[in-house]
Amino acid sequence: MEHDWRNSTVIYQIYPRSFSDSNGDGIGDIRGIIENLDYLQDLGVETLWISPMYPSPQRDFGYDISDFRGIDPTFGTMDDFGTLASEVHRRNMKLLLDMVLNHTSDSHPWFKESRSSKDNPKRDWYVWRGGAKRPNNWQSMVHGSGWHFDNRTESWYWASFLPFQPDLNWRNPEVHAYMTDTLRFWLDRGADGFRLDIFDAVLEDASLRNNPFAFKIIPDLSRGYGMFQKTVYNRHIPENFALAQEIRKIAEPRKKLLIGEVFGTSDILRAYCGTSKPDGLNLVFQFQCLTSPVTSSSYRKLIQEAEAWFPPPFTPTWVFGNHDRRRSIEQCRGRRDPEKLRTLFRLTVRGVPCIYYGEEIGMGQQNIPIHTSQDAVAQLLMKRYPSFAVSLIDRLMHGAVNRDSCRTPMQWNSSSNAGFCSSDAEPWLPVPDSPEETTVEAQQQDPDSLLNCHRALLQLRNRLSPLKHGTLTLLDTPDPVLGYIREKDGQTAAMLLNFSDAPSRVSLDQYSIPKKLVYSTAGKRNSPEDEITLAPWEGTVFFS
Ligand code: GLC
(Lines give C-alpha, C1' and ligand atoms only; values in the text may rest on other atoms or scores of the structure.)
Protein backbone atom coordinates (compact mmCIF):
# COMPACT_ATOMS: atom_id res chain seq x y z
CA MET A 1 0.00 0.00 0.00
CA GLU A 2 1.28 3.43 -0.86
CA HIS A 3 1.83 5.73 2.09
CA ASP A 4 0.04 9.04 2.26
CA TRP A 5 2.71 11.74 2.56
CA ARG A 6 0.39 13.77 4.75
CA ASN A 7 0.67 11.31 7.65
CA SER A 8 4.42 10.99 7.77
CA THR A 9 5.99 14.20 6.53
CA VAL A 10 8.27 16.52 8.50
CA ILE A 11 7.18 20.16 8.54
CA TYR A 12 9.64 23.07 8.74
CA GLN A 13 8.14 26.48 9.48
CA ILE A 14 9.70 29.52 7.86
CA TYR A 15 8.87 32.96 9.21
CA PRO A 16 9.68 34.74 5.95
CA ARG A 17 10.65 38.11 7.47
CA SER A 18 13.35 36.41 9.46
CA PHE A 19 14.77 33.64 7.33
CA SER A 20 17.02 35.19 4.71
CA ASP A 21 17.15 38.64 3.14
CA SER A 22 18.28 38.64 -0.49
CA ASN A 23 17.88 42.34 -1.32
CA GLY A 24 19.44 44.17 1.60
CA ASP A 25 16.31 45.77 3.09
CA GLY A 26 16.74 43.94 6.38
CA ILE A 27 13.62 41.83 5.84
CA GLY A 28 13.65 38.25 4.63
CA ASP A 29 12.05 37.43 1.29
CA ILE A 30 11.13 34.68 -1.18
CA ARG A 31 14.46 34.85 -3.04
CA GLY A 32 16.19 34.39 0.31
CA ILE A 33 14.18 31.23 0.90
CA ILE A 34 15.00 29.93 -2.59
CA GLU A 35 18.72 30.50 -1.97
CA ASN A 36 18.54 28.25 1.07
CA LEU A 37 16.45 25.39 -0.27
CA ASP A 38 19.52 23.20 -0.63
CA TYR A 39 20.21 23.66 3.06
CA LEU A 40 16.67 22.58 3.92
CA GLN A 41 16.77 19.61 1.58
CA ASP A 42 20.08 18.51 3.01
CA LEU A 43 18.71 18.90 6.54
CA GLY A 44 16.04 16.38 5.56
CA VAL A 45 12.84 18.32 6.16
CA GLU A 46 10.14 17.51 3.62
CA THR A 47 7.40 20.13 3.84
CA LEU A 48 7.88 23.87 4.19
CA TRP A 49 5.18 25.93 5.85
CA ILE A 50 5.68 29.62 5.19
CA SER A 51 3.92 32.22 7.35
CA PRO A 52 1.76 34.63 5.30
CA MET A 53 3.32 36.49 2.39
CA TYR A 54 0.16 38.08 0.92
CA PRO A 55 -0.17 41.85 0.57
CA SER A 56 -0.60 43.30 4.03
CA PRO A 57 0.06 46.48 5.98
CA GLN A 58 2.22 44.17 8.14
CA ARG A 59 0.76 45.38 11.40
CA ASP A 60 0.60 41.72 12.47
CA PHE A 61 3.37 40.84 10.03
CA GLY A 62 1.20 39.27 7.38
CA TYR A 63 -1.60 37.85 9.51
CA ASP A 64 -3.50 41.02 8.58
CA ILE A 65 -4.19 40.42 4.91
CA SER A 66 -5.32 43.08 2.47
CA ASP A 67 -5.38 40.86 -0.64
CA PHE A 68 -5.68 37.08 -0.45
CA ARG A 69 -4.47 36.47 -3.98
CA GLY A 70 -1.17 38.27 -4.29
CA ILE A 71 2.33 38.50 -2.84
CA ASP A 72 3.45 41.44 -0.73
CA PRO A 73 6.28 43.38 -2.43
CA THR A 74 8.25 43.08 0.84
CA PHE A 75 8.61 39.39 0.03
CA GLY A 76 8.72 39.45 -3.75
CA THR A 77 6.38 38.90 -6.66
CA MET A 78 3.96 36.30 -7.95
CA ASP A 79 6.74 35.15 -10.28
CA ASP A 80 9.05 34.67 -7.31
CA PHE A 81 6.34 32.57 -5.72
CA GLY A 82 6.08 30.46 -8.87
CA THR A 83 9.84 29.92 -8.85
CA LEU A 84 9.73 28.99 -5.18
CA ALA A 85 7.00 26.42 -5.77
CA SER A 86 8.83 24.82 -8.68
CA GLU A 87 12.20 24.82 -6.89
CA VAL A 88 10.59 23.19 -3.85
CA HIS A 89 8.94 20.55 -6.00
CA ARG A 90 12.12 19.94 -7.98
CA ARG A 91 13.65 18.85 -4.68
CA ASN A 92 10.71 16.51 -3.99
CA MET A 93 9.60 18.72 -1.17
CA LYS A 94 6.17 20.24 -0.46
CA LEU A 95 5.00 23.77 0.16
CA LEU A 96 2.26 24.83 2.59
CA LEU A 97 0.84 28.32 2.62
CA ASP A 98 -0.56 29.97 5.70
CA MET A 99 -4.20 30.85 5.15
CA VAL A 100 -6.06 33.25 7.42
CA LEU A 101 -9.70 32.43 6.80
CA ASN A 102 -10.97 34.13 9.93
CA HIS A 103 -10.23 37.79 9.29
CA THR A 104 -8.74 40.43 7.05
CA SER A 105 -6.79 43.59 7.73
CA ASP A 106 -8.92 46.64 8.41
CA SER A 107 -7.12 48.08 5.37
CA HIS A 108 -8.58 45.41 3.11
CA PRO A 109 -10.74 47.18 0.49
CA TRP A 110 -13.65 44.96 1.59
CA PHE A 111 -13.53 46.30 5.14
CA LYS A 112 -13.10 49.87 3.99
CA GLU A 113 -16.26 49.46 1.97
CA SER A 114 -18.03 47.53 4.67
CA ARG A 115 -17.50 50.19 7.31
CA SER A 116 -18.42 53.04 4.94
CA SER A 117 -22.20 52.69 5.28
CA LYS A 118 -24.85 50.32 6.56
CA ASP A 119 -26.16 49.68 3.06
CA ASN A 120 -22.85 49.11 1.34
CA PRO A 121 -22.87 45.77 -0.56
CA LYS A 122 -19.86 44.64 1.50
CA ARG A 123 -21.52 45.53 4.81
CA ASP A 124 -22.53 41.94 5.50
CA TRP A 125 -19.04 40.60 4.71
CA TYR A 126 -18.08 41.32 8.33
CA VAL A 127 -19.85 40.80 11.64
CA TRP A 128 -21.60 44.08 12.55
CA ARG A 129 -24.19 44.93 15.19
CA GLY A 130 -25.73 48.27 16.12
CA GLY A 131 -26.66 49.52 19.59
CA ALA A 132 -25.21 51.57 22.37
CA LYS A 133 -23.88 48.56 24.26
CA ARG A 134 -21.50 45.82 23.14
CA PRO A 135 -23.57 43.08 21.49
CA ASN A 136 -22.42 40.40 23.96
CA ASN A 137 -19.69 39.36 26.40
CA TRP A 138 -17.28 37.69 23.95
CA GLN A 139 -13.60 38.41 24.44
CA SER A 140 -10.82 38.68 21.91
CA MET A 141 -8.04 36.08 22.08
CA VAL A 142 -5.64 38.87 22.94
CA HIS A 143 -7.26 41.02 25.56
CA GLY A 144 -10.65 42.40 26.59
CA SER A 145 -13.77 42.56 24.49
CA GLY A 146 -13.44 41.67 20.81
CA TRP A 147 -16.19 44.16 19.87
CA HIS A 148 -14.99 47.48 18.54
CA PHE A 149 -17.11 50.56 18.01
CA ASP A 150 -16.92 52.25 14.65
CA ASN A 151 -18.10 55.87 14.75
CA ARG A 152 -18.97 56.19 11.08
CA THR A 153 -22.02 53.95 11.30
CA GLU A 154 -22.23 53.85 15.10
CA SER A 155 -21.97 50.07 15.13
CA TRP A 156 -19.77 47.36 16.58
CA TYR A 157 -17.62 44.97 14.57
CA TRP A 158 -16.30 41.67 15.87
CA ALA A 159 -12.56 40.81 15.86
CA SER A 160 -11.36 37.52 17.36
CA PHE A 161 -7.75 38.67 17.49
CA LEU A 162 -6.45 42.26 17.30
CA PRO A 163 -8.79 45.24 16.72
CA PHE A 164 -7.36 45.85 13.22
CA GLN A 165 -8.23 42.26 12.19
CA PRO A 166 -12.03 42.29 11.70
CA ASP A 167 -13.62 38.84 11.41
CA LEU A 168 -15.15 37.90 8.09
CA ASN A 169 -18.79 36.86 8.15
CA TRP A 170 -18.65 33.29 6.86
CA ARG A 171 -22.44 33.07 6.91
CA ASN A 172 -22.45 35.38 3.92
CA PRO A 173 -22.45 33.13 0.81
CA GLU A 174 -20.21 35.53 -1.14
CA VAL A 175 -17.56 35.45 1.58
CA HIS A 176 -17.82 31.69 1.77
CA ALA A 177 -17.43 31.34 -1.99
CA TYR A 178 -14.56 33.82 -2.31
CA MET A 179 -12.54 32.31 0.50
CA THR A 180 -12.97 28.69 -0.55
CA ASP A 181 -12.10 29.70 -4.12
CA THR A 182 -8.96 31.32 -2.72
CA LEU A 183 -7.85 27.91 -1.52
CA ARG A 184 -8.31 26.56 -5.07
CA PHE A 185 -6.48 29.59 -6.44
CA TRP A 186 -3.31 28.75 -4.50
CA LEU A 187 -3.59 25.00 -5.02
CA ASP A 188 -3.65 25.73 -8.75
CA ARG A 189 -0.45 27.76 -8.35
CA GLY A 190 1.59 25.11 -6.64
CA ALA A 191 0.62 25.10 -2.97
CA ASP A 192 0.54 21.59 -1.49
CA GLY A 193 -1.85 22.60 1.23
CA PHE A 194 -2.46 25.08 4.00
CA ARG A 195 -1.78 25.85 7.58
CA LEU A 196 -5.10 27.28 8.74
CA ASP A 197 -4.79 30.19 11.13
CA ILE A 198 -7.05 30.28 14.26
CA PHE A 199 -9.37 27.87 12.52
CA ASP A 200 -11.52 27.32 15.61
CA ALA A 201 -12.71 30.94 15.52
CA VAL A 202 -13.77 31.17 11.87
CA LEU A 203 -17.51 30.94 12.53
CA GLU A 204 -19.34 32.25 15.52
CA ASP A 205 -22.84 31.73 16.90
CA ALA A 206 -25.46 33.15 14.51
CA SER A 207 -27.50 34.81 17.24
CA LEU A 208 -24.44 36.00 19.17
CA ARG A 209 -25.47 34.40 22.45
CA ASN A 210 -23.47 35.36 25.55
CA ASN A 211 -20.83 32.90 26.67
CA PRO A 212 -21.79 31.28 29.99
CA PHE A 213 -20.05 32.29 33.21
CA ALA A 214 -17.12 30.22 34.44
CA PHE A 215 -15.02 30.78 37.52
CA LYS A 216 -11.74 31.30 35.68
CA ILE A 217 -9.63 34.40 36.24
CA ILE A 218 -6.71 33.69 33.90
CA PRO A 219 -7.94 32.92 30.37
CA ASP A 220 -6.95 29.49 29.10
CA LEU A 221 -7.75 29.13 25.41
CA SER A 222 -6.61 25.54 25.18
CA ARG A 223 -9.18 24.51 27.77
CA GLY A 224 -11.87 26.76 26.34
CA TYR A 225 -11.94 29.61 28.86
CA GLY A 226 -11.79 33.36 28.62
CA MET A 227 -11.77 35.54 31.72
CA PHE A 228 -14.85 34.48 33.74
CA GLN A 229 -16.42 32.68 30.81
CA LYS A 230 -16.44 29.47 28.81
CA THR A 231 -15.95 30.24 25.14
CA VAL A 232 -18.74 28.08 23.79
CA TYR A 233 -20.33 30.48 21.32
CA ASN A 234 -17.32 32.07 19.63
CA ARG A 235 -15.01 29.05 19.34
CA HIS A 236 -15.45 25.47 18.16
CA ILE A 237 -19.08 25.88 17.14
CA PRO A 238 -20.59 23.04 15.06
CA GLU A 239 -20.31 25.03 11.81
CA ASN A 240 -16.52 25.16 12.25
CA PHE A 241 -16.29 21.36 12.27
CA ALA A 242 -18.52 21.26 9.19
CA LEU A 243 -16.19 23.74 7.46
CA ALA A 244 -13.24 21.44 8.17
CA GLN A 245 -15.07 18.67 6.33
CA GLU A 246 -16.02 20.94 3.47
CA ILE A 247 -12.49 22.12 2.77
CA ARG A 248 -11.16 18.60 3.11
CA LYS A 249 -13.30 17.83 0.07
CA ILE A 250 -11.50 20.60 -1.83
CA ALA A 251 -8.05 19.33 -0.85
CA GLU A 252 -8.62 15.58 -0.92
CA PRO A 253 -8.81 14.86 -4.66
CA ARG A 254 -5.35 16.39 -5.08
CA LYS A 255 -3.98 14.87 -1.84
CA LYS A 256 -3.26 18.29 -0.39
CA LEU A 257 -2.56 18.77 3.30
CA LEU A 258 -4.63 20.80 5.76
CA ILE A 259 -3.19 21.50 9.18
CA GLY A 260 -5.23 23.56 11.60
CA GLU A 261 -4.24 25.92 14.34
CA VAL A 262 -6.94 25.16 16.88
CA PHE A 263 -6.73 25.56 20.61
CA GLY A 264 -8.55 22.99 22.68
CA THR A 265 -8.46 19.76 24.61
CA SER A 266 -7.55 16.56 22.74
CA ASP A 267 -11.17 15.53 22.16
CA ILE A 268 -11.87 18.84 20.45
CA LEU A 269 -8.68 18.76 18.39
CA ARG A 270 -9.52 15.28 17.25
CA ALA A 271 -13.05 16.32 16.26
CA TYR A 272 -11.53 18.73 13.72
CA CYS A 273 -9.89 15.76 12.02
CA GLY A 274 -13.02 13.61 11.99
CA THR A 275 -14.87 11.49 14.52
CA SER A 276 -15.29 7.97 13.17
CA LYS A 277 -13.08 8.45 10.12
CA PRO A 278 -10.52 11.04 8.98
CA ASP A 279 -12.74 13.34 6.98
CA GLY A 280 -11.81 16.74 8.43
CA LEU A 281 -8.45 18.47 8.65
CA ASN A 282 -5.56 16.06 8.09
CA LEU A 283 -3.68 17.37 11.10
CA VAL A 284 -4.00 19.85 13.94
CA PHE A 285 -1.13 21.31 15.90
CA GLN A 286 -0.75 19.75 19.32
CA PHE A 287 0.87 22.32 21.55
CA GLN A 288 1.37 20.39 24.80
CA CYS A 289 5.13 19.96 24.26
CA LEU A 290 5.53 23.72 24.47
CA THR A 291 4.76 23.67 28.15
CA SER A 292 5.24 20.09 29.40
CA PRO A 293 8.02 19.60 31.94
CA VAL A 294 11.00 17.83 30.39
CA THR A 295 10.64 14.56 32.33
CA SER A 296 10.13 10.97 31.27
CA SER A 297 6.75 10.78 32.99
CA SER A 298 5.33 13.83 31.26
CA TYR A 299 6.65 12.74 27.86
CA ARG A 300 5.16 9.29 28.45
CA LYS A 301 1.82 10.98 29.11
CA LEU A 302 2.17 12.98 25.89
CA ILE A 303 2.55 9.76 23.95
CA GLN A 304 -0.36 8.12 25.77
CA GLU A 305 -2.59 11.06 25.00
CA ALA A 306 -1.53 11.24 21.36
CA GLU A 307 -2.06 7.50 20.86
CA ALA A 308 -5.42 7.58 22.63
CA TRP A 309 -6.85 10.48 20.62
CA PHE A 310 -5.03 10.08 17.31
CA PRO A 311 -4.74 6.33 16.74
CA PRO A 312 -4.08 5.29 13.11
CA PRO A 313 -5.42 6.32 10.63
CA PHE A 314 -5.30 9.64 12.50
CA THR A 315 -1.93 11.29 12.99
CA PRO A 316 -0.64 13.32 15.94
CA THR A 317 1.68 16.30 15.49
CA TRP A 318 4.65 17.31 17.61
CA VAL A 319 5.22 21.04 18.02
CA PHE A 320 8.08 22.45 20.08
CA GLY A 321 7.85 26.08 19.03
CA ASN A 322 6.46 28.55 16.55
CA HIS A 323 6.34 32.26 15.77
CA ASP A 324 3.94 32.91 18.66
CA ARG A 325 5.59 31.15 21.56
CA ARG A 326 8.81 30.90 23.55
CA ARG A 327 11.55 29.12 21.63
CA SER A 328 11.93 25.41 22.14
CA ILE A 329 15.34 25.32 23.81
CA GLU A 330 14.09 27.57 26.62
CA GLN A 331 12.05 24.60 27.79
CA CYS A 332 15.42 23.02 28.69
CA ARG A 333 16.84 26.30 30.02
CA GLY A 334 19.10 26.56 27.00
CA ARG A 335 20.83 23.20 27.60
CA ARG A 336 21.84 21.38 24.44
CA ASP A 337 21.79 17.79 25.69
CA PRO A 338 18.17 17.77 26.86
CA GLU A 339 17.26 19.53 23.61
CA LYS A 340 18.97 16.78 21.61
CA LEU A 341 17.01 14.24 23.59
CA ARG A 342 13.77 16.06 22.80
CA THR A 343 14.81 16.16 19.14
CA LEU A 344 15.22 12.41 19.16
CA PHE A 345 11.82 12.10 20.81
CA ARG A 346 10.05 14.30 18.30
CA LEU A 347 11.63 12.61 15.27
CA THR A 348 11.02 9.04 16.41
CA VAL A 349 7.52 9.04 17.93
CA ARG A 350 4.55 8.36 15.68
CA GLY A 351 3.29 11.48 13.94
CA VAL A 352 4.28 14.59 12.05
CA PRO A 353 7.07 16.63 13.64
CA CYS A 354 7.03 20.41 13.15
CA ILE A 355 10.31 22.32 13.33
CA TYR A 356 10.37 26.11 13.66
CA TYR A 357 13.24 27.77 11.79
CA GLY A 358 16.36 28.04 13.95
CA GLU A 359 15.22 25.28 16.30
CA GLU A 360 17.63 22.94 14.55
CA ILE A 361 20.57 25.03 15.77
CA GLY A 362 19.07 25.77 19.18
CA MET A 363 18.31 29.45 18.69
CA GLY A 364 16.99 30.85 21.96
CA GLN A 365 14.67 33.69 22.92
CA GLN A 366 16.34 37.02 22.25
CA ASN A 367 16.08 39.68 24.85
CA ILE A 368 13.93 42.28 23.10
CA PRO A 369 12.83 44.85 25.67
CA ILE A 370 9.05 44.99 25.81
CA HIS A 371 8.90 48.74 25.22
CA THR A 372 10.73 48.32 21.89
CA SER A 373 8.64 45.36 20.75
CA GLN A 374 7.24 45.62 17.22
CA ASP A 375 4.62 43.02 18.06
CA ALA A 376 1.12 44.53 17.99
CA VAL A 377 0.06 42.26 20.86
CA ALA A 378 2.77 43.71 23.11
CA GLN A 379 1.98 47.22 21.94
CA LEU A 380 -1.71 46.81 22.72
CA LEU A 381 -1.04 45.58 26.24
CA MET A 382 1.57 48.30 26.82
CA LYS A 383 -1.16 50.87 26.26
CA ARG A 384 -3.14 49.38 29.12
CA TYR A 385 -0.62 48.14 31.69
CA PRO A 386 2.83 49.09 33.04
CA SER A 387 5.71 47.34 31.31
CA PHE A 388 6.59 45.07 34.27
CA ALA A 389 3.02 43.73 34.19
CA VAL A 390 3.17 43.12 30.43
CA SER A 391 6.47 41.28 30.84
CA LEU A 392 4.90 39.17 33.54
CA ILE A 393 1.89 38.34 31.37
CA ASP A 394 4.32 37.46 28.56
CA ARG A 395 6.09 35.04 30.89
CA LEU A 396 2.81 33.49 32.08
CA MET A 397 1.64 33.14 28.47
CA HIS A 398 4.87 31.41 27.37
CA GLY A 399 6.09 34.28 25.22
CA ALA A 400 2.79 34.93 23.42
CA VAL A 401 2.89 38.70 24.07
CA ASN A 402 6.33 39.95 23.06
CA ARG A 403 6.66 37.63 20.08
CA ASP A 404 9.63 39.55 18.64
CA SER A 405 11.79 37.46 20.97
CA CYS A 406 11.16 34.27 19.04
CA ARG A 407 11.22 35.89 15.59
CA THR A 408 14.78 37.18 15.37
CA PRO A 409 16.78 36.57 12.18
CA MET A 410 18.06 33.12 11.34
CA GLN A 411 21.67 32.75 12.41
CA TRP A 412 23.48 31.42 9.39
CA ASN A 413 27.09 32.30 10.24
CA SER A 414 29.21 34.52 12.44
CA SER A 415 29.54 37.44 10.02
CA SER A 416 27.83 40.66 11.02
CA ASN A 417 24.05 40.27 10.93
CA ALA A 418 24.65 36.52 11.21
CA GLY A 419 24.50 36.12 7.43
CA PHE A 420 20.78 36.93 7.47
CA CYS A 421 21.28 40.15 5.51
CA SER A 422 24.23 42.06 4.14
CA SER A 423 26.46 43.71 6.71
CA ASP A 424 25.44 47.22 5.69
CA ALA A 425 21.72 46.47 6.05
CA GLU A 426 19.82 46.79 9.29
CA PRO A 427 17.91 43.62 10.16
CA TRP A 428 14.30 44.27 11.17
CA LEU A 429 15.04 42.67 14.54
CA PRO A 430 18.48 42.55 16.12
CA VAL A 431 20.75 39.51 15.88
CA PRO A 432 22.97 38.58 18.83
CA ASP A 433 26.42 40.25 18.79
CA SER A 434 28.23 36.96 18.82
CA PRO A 435 26.07 34.01 17.94
CA GLU A 436 29.21 31.81 18.39
CA GLU A 437 28.25 28.18 18.00
CA THR A 438 24.55 28.93 17.46
CA THR A 439 24.93 29.26 13.71
CA VAL A 440 24.40 26.90 10.83
CA GLU A 441 28.00 27.32 9.70
CA ALA A 442 29.54 26.42 13.06
CA GLN A 443 27.24 23.47 13.58
CA GLN A 444 27.81 22.03 10.13
CA GLN A 445 31.44 21.48 11.17
CA ASP A 446 30.64 19.84 14.51
CA PRO A 447 29.53 16.19 14.29
CA ASP A 448 27.96 16.42 17.75
CA SER A 449 25.95 19.58 17.08
CA LEU A 450 22.21 19.88 17.46
CA LEU A 451 22.03 20.53 13.72
CA ASN A 452 23.77 17.26 12.92
CA CYS A 453 21.56 15.49 15.44
CA HIS A 454 18.53 16.68 13.45
CA ARG A 455 20.13 15.70 10.17
CA ALA A 456 21.13 12.22 11.33
CA LEU A 457 17.72 11.49 12.82
CA LEU A 458 15.89 12.77 9.76
CA GLN A 459 18.01 10.51 7.58
CA LEU A 460 17.31 7.60 9.89
CA ARG A 461 13.59 8.34 9.74
CA ASN A 462 13.74 8.01 5.98
CA ARG A 463 15.89 4.90 6.04
CA LEU A 464 14.01 2.92 8.69
CA SER A 465 10.40 2.53 7.72
CA PRO A 466 9.15 1.74 11.29
CA LEU A 467 10.23 5.25 12.31
CA LYS A 468 8.16 6.80 9.59
CA HIS A 469 5.22 4.49 9.26
CA GLY A 470 5.29 2.05 12.17
CA THR A 471 2.94 1.53 15.09
CA LEU A 472 4.05 2.66 18.54
CA THR A 473 4.11 0.70 21.78
CA LEU A 474 5.27 2.18 25.06
CA LEU A 475 7.66 0.13 27.21
CA ASP A 476 7.25 0.11 30.97
CA THR A 477 10.81 1.27 31.64
CA PRO A 478 11.06 2.94 35.06
CA ASP A 479 11.59 6.72 35.31
CA PRO A 480 13.74 8.55 34.33
CA VAL A 481 13.96 6.33 31.24
CA LEU A 482 11.33 6.57 28.56
CA GLY A 483 11.18 3.65 26.14
CA TYR A 484 9.03 2.86 23.12
CA ILE A 485 9.02 0.55 20.14
CA ARG A 486 7.98 1.27 16.56
CA GLU A 487 7.11 -1.71 14.34
CA LYS A 488 6.42 -2.11 10.67
CA ASP A 489 6.41 -5.22 8.44
CA GLY A 490 8.44 -7.31 10.89
CA GLN A 491 11.03 -4.59 11.47
CA THR A 492 11.50 -3.01 14.86
CA ALA A 493 13.04 0.24 16.02
CA ALA A 494 13.33 0.81 19.76
CA MET A 495 14.09 4.05 21.55
CA LEU A 496 15.49 4.52 25.05
CA LEU A 497 15.69 8.06 26.41
CA ASN A 498 17.29 9.05 29.69
CA PHE A 499 15.59 12.16 31.08
CA SER A 500 18.13 12.68 33.82
CA ASP A 501 21.36 14.39 34.86
CA ALA A 502 22.60 10.99 36.07
CA PRO A 503 23.42 7.82 34.11
CA SER A 504 20.64 5.18 33.93
CA ARG A 505 21.02 1.49 33.37
CA VAL A 506 18.47 -0.49 31.30
CA SER A 507 18.33 -4.21 30.55
CA LEU A 508 17.77 -4.77 26.85
CA ASP A 509 16.57 -8.35 27.24
CA GLN A 510 13.91 -7.42 29.75
CA TYR A 511 12.21 -5.21 27.16
CA SER A 512 13.08 -7.30 24.07
CA ILE A 513 15.08 -4.43 22.60
CA PRO A 514 17.10 -5.25 19.47
CA LYS A 515 20.83 -5.19 20.22
CA LYS A 516 21.92 -3.17 17.23
CA LEU A 517 22.43 0.46 18.24
CA VAL A 518 21.99 2.73 15.24
CA TYR A 519 22.04 6.18 16.82
CA SER A 520 22.90 7.88 20.06
CA THR A 521 22.60 11.58 20.89
CA ALA A 522 25.79 11.14 22.95
CA GLY A 523 27.92 10.45 19.89
CA LYS A 524 29.46 7.29 18.50
CA ARG A 525 29.22 4.22 20.74
CA ASN A 526 29.28 0.48 20.23
CA SER A 527 26.23 -1.72 20.39
CA PRO A 528 25.80 -2.95 23.97
CA GLU A 529 25.47 -6.61 25.06
CA ASP A 530 22.65 -7.32 27.51
CA GLU A 531 22.25 -3.95 29.10
CA ILE A 532 23.05 -0.34 28.38
CA THR A 533 24.09 2.45 30.70
CA LEU A 534 22.66 5.61 29.20
CA ALA A 535 24.65 8.78 29.77
CA PRO A 536 22.83 11.79 31.27
CA TRP A 537 20.22 12.99 28.72
CA GLU A 538 21.27 10.36 26.21
CA GLY A 539 18.72 9.17 23.68
CA THR A 540 19.30 6.01 21.64
CA VAL A 541 17.76 4.20 18.69
CA PHE A 542 18.06 0.42 18.23
CA PHE A 543 17.00 -1.49 15.16
CA SER A 544 16.49 -4.97 13.87
C1 GLC B 1 -2.43 33.04 14.82
C2 GLC B 1 -1.04 33.34 14.31
C3 GLC B 1 -0.55 34.61 14.95
C4 GLC B 1 -1.46 35.74 14.51
C5 GLC B 1 -2.91 35.42 14.87
C6 GLC B 1 -3.87 36.32 14.15
O7 GLC B 1 -2.45 32.71 16.15
O8 GLC B 1 -0.20 32.26 14.56
O9 GLC B 1 0.77 34.92 14.63
O10 GLC B 1 -1.07 36.92 15.14
O11 GLC B 1 -3.29 34.11 14.52
O12 GLC B 1 -3.93 36.01 12.80
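Colleague: How many salt bridges does the rule find across the interface of domain 1 and domain 2?

Modeller: The rule finds two salt bridges across that interface, a salt bridge being a side-chain nitrogen of Lys or Arg within 4 Å of a carboxyl oxygen of Asp or Glu. This is a predicted model, in which local features need pLDDT of at least 70 and side-chain atom pairs count only at pLDDT 80 or more, while totals for chains, interfaces and linings use all residues. Residues are numbered from 1 along each chain as its sequence is written, and side-chain values use heavy atoms, with hydrogens and water left out.

Colleague: What makes the contact of Asp479 and Arg300 a salt bridge?

Modeller: The side chains of Asp479 and Arg300 meet at 3.1 Å, N to O, and the rule asks for a distance within 4 Å, so the pair qualifies. The peptide bond from Asp479 to Pro480 is cis, with omega near 5 degrees, and Pro480 is placed in the loop between β14 (471-474) and β15 (481-488); such strands are DSSP runs of E with at least two residues, helices are runs of H or I with at least four, and both are numbered from the N terminus.

Colleague: Which residues belong to domain 1 and which to domain 2?

Modeller: Domain 1 takes in 5-103 + 173-222 + 230-450, and domain 2 takes in 470-543, with bounds that come from an automatic or database domain assignment. Their centres, taken over C-alpha atoms, are separated by 31 Å, and the contact (heavy atoms within 4.5 Å) takes 20 residues from domain 1 and 24 residues from domain 2.

Colleague: What is the area buried between domain 1 and domain 2, and what share do carbon and sulfur atoms give?

Modeller: The buried area is about 1,800 Å², of which carbon and sulfur atoms give 68%; the term stands for the accessible area (1.4 Å probe) that two parts lose on being put together, summed over both. Of the area that domain 1 buries against domain 2, Arg300, Leu341 and Leu344 supply 34%, more than any other three residues.

Colleague: Why is the pair of Phe215 and Phe228 called tilted?

Modeller: Rings of Phe, Tyr and Trp (its six-membered ring) pair if their centres lie within 6.5 Å, and planes under 30 degrees apart count as stacked, over 60 as edge-to-face and the rest as tilted. Phe215 and Phe228 are 6.2 Å apart, centre to centre, with 55 degrees between the planes, so the pair counts as tilted. Phe215 is in the loop between β7 (193-196) and β8 (225-226), whereas Phe228 is in the loop between β8 and β9 (229-230), 13 residues apart.

Colleague: Which bond joins Pro312 and Pro313?

Modeller: A cis peptide bond joins them, with omega about 5 degrees, and Pro313 is placed in the loop between α8 and β12 (317-319).
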